[in-house]
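This report describes how one protein chain is folded. Look through the sequence and the 3D structure first, then read the sections in order.

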Amino acid sequence: ARGLARNALREWDVVVVAAFAGAAVPVHLLTRESFEYYLASLAPDGLLAVHVSSRHFDLFPLVARMGLTVGLESVWVSTPDVPRHQSQQAVWVLLARNGRQLTALMSTFKKRYRELGINPASIRMSRTQPVDVMHVPVWTDDYSDLFSLLRRLR
């Protein structure tokens, strides 16, 4: 992604990365180079949505850190199981250039949940503070550490 001309890529309003729910993690999708590519693919007010539901790995800190590395702010979103709406529990990291956009999106989620008759308190959301993820090493095409993201056995 390094050195890509801004007009060489189509700009998307939303880019979704959803390849991490299984036991295997495609590490190459979590590197700085990949996030530079995602950023270059986003419209100026675009949203990057990364599905990080995983039983085995805690991907949220890494995704938030990689977003910060390329200039994106993030929000962590966890939605509950809602069988009547055929929706399973999911965890997402939503990233945008503009933090106000993320704040507005959080309000929209709560409003939509109320409209669907779902308790808005059942959706958990949290803005990522840079200090909370700065300790996470930046992954590159030459460096990654999947072992550090393993969930602890309880």
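## Aromatic pairs

The model is predicted, and it holds two aromatic pairs. In one of them, the ring centres of F35 and Y38 are 5.2 Å apart and the ring planes meet at 65 degrees, so this pair is edge-to-face. The label follows from the cut-off, because planes over 60 degrees apart count as edge-to-face. F35 and Y38 are three residues apart in helix α1, which means that about one helical turn separates them. Both residues are buried.

The other pair is made by F60 and W76. Their ring centres are 6.5 Å apart and their planes stand at 65 degrees, so this pair is edge-to-face. It links distant parts of the chain: F60 belongs to helix α2 and W76 to strand β3, 16 residues apart. How is F60 classed at 19% relative accessibility? F60 counts as buried, because the cut-off for buried is under 20% relative accessible area.

## The chain as a whole

The protein has four helices and five strands. Along the sequence they follow the pattern β-α-β-α-β-β-α-β-α. Of the 154 residues in the protein, 42% are buried. The exposed surface comes to about 8,900 Å², and carbon and sulfur atoms supply 54% of it.

Contacts can also be sorted by how far apart the two residues are in the sequence. Among contacts with a separation of 6 or more, 74% are between residues 24 or more positions apart.

## The sheet

In what order do the five strands lie in the sheet? The order is β1-β2-β4-β3-β5, in an open sheet with mixed pairing. The edge strands are β1, residues 12-17, and β5, residues 124-127, and each of these pairs on one side only. From one strand to the next, the twist averages 20 degrees.

Strands of a sheet pair through backbone hydrogen bonds, and the pairing is either parallel or antiparallel. Strands β3 and β5 pair in the antiparallel sense over four bridges. One example is S78, whose bridge partner in β5 is R124. Helix α2 touches β2, β3 and β4, and its direction makes about 10 degrees with that of β4. Helix α3, residues 99-115, touches β2, β3, β4 and β5, and its direction makes about 170 degrees with that of β5.

## Strand β3

Strand β3 is mostly covered, with six of its seven residues buried. It is joined to β4 by seven bridges, and β3 and β4 run antiparallel.

Is T79 buried or exposed at 16% relative accessibility? T79 counts as buried. Leaving aside residues up to four places away in sequence, T79 touches Q88, Q89, A90, Y113 and I123.

## Helix α2

Helix α2 spans residues 60-69 and is mostly covered. Eight of its 10 residues are buried: F60, P61, L62, V63, A64, R65, M66 and G67.

Which elements do the buried residues of α2 pack against? They pack against the helices α1 (32-41) and α4 (130-133), and against the strands β2 (42-51), β3 (73-79) and β4 (90-96). Just after α2, G71 takes a positive phi of about 95 degrees.

## Helix α4

P130 is found in helix α4. Its relative accessible area is 39%, so P130 is partly exposed. P130 and E73 are 57 residues apart along the chain, and their C-alpha atoms are separated by 8.5 Å.

Conventions
Residues numbered from 1 in each chain as written. Predicted model: local features only at pLDDT ≥ 70, side-chain atom pairs only at ≥ 80, totals over all residues. Heavy atoms only, no water. Buried < 20%, exposed > 50% of the residue type's maximum accessible area, 1.4 Å probe, protein only. Helix = DSSP H or I, 4+ residues; strand = E, 2+ residues; numbered from the N terminus. Contact = heavy atoms within 4.5 Å. Phe/Tyr/Trp six-rings, centres within 6.5 Å; stacked < 30°, edge-to-face > 60°. Areas by Shrake-Rupley, 256 points an atom, 1.4 Å probe, with all protein chains shown as cover. Pairing = 2+ DSSP bridges. Axes fitted to C-alpha atoms, helices over the stretch in contact; angles between N-to-C directions.
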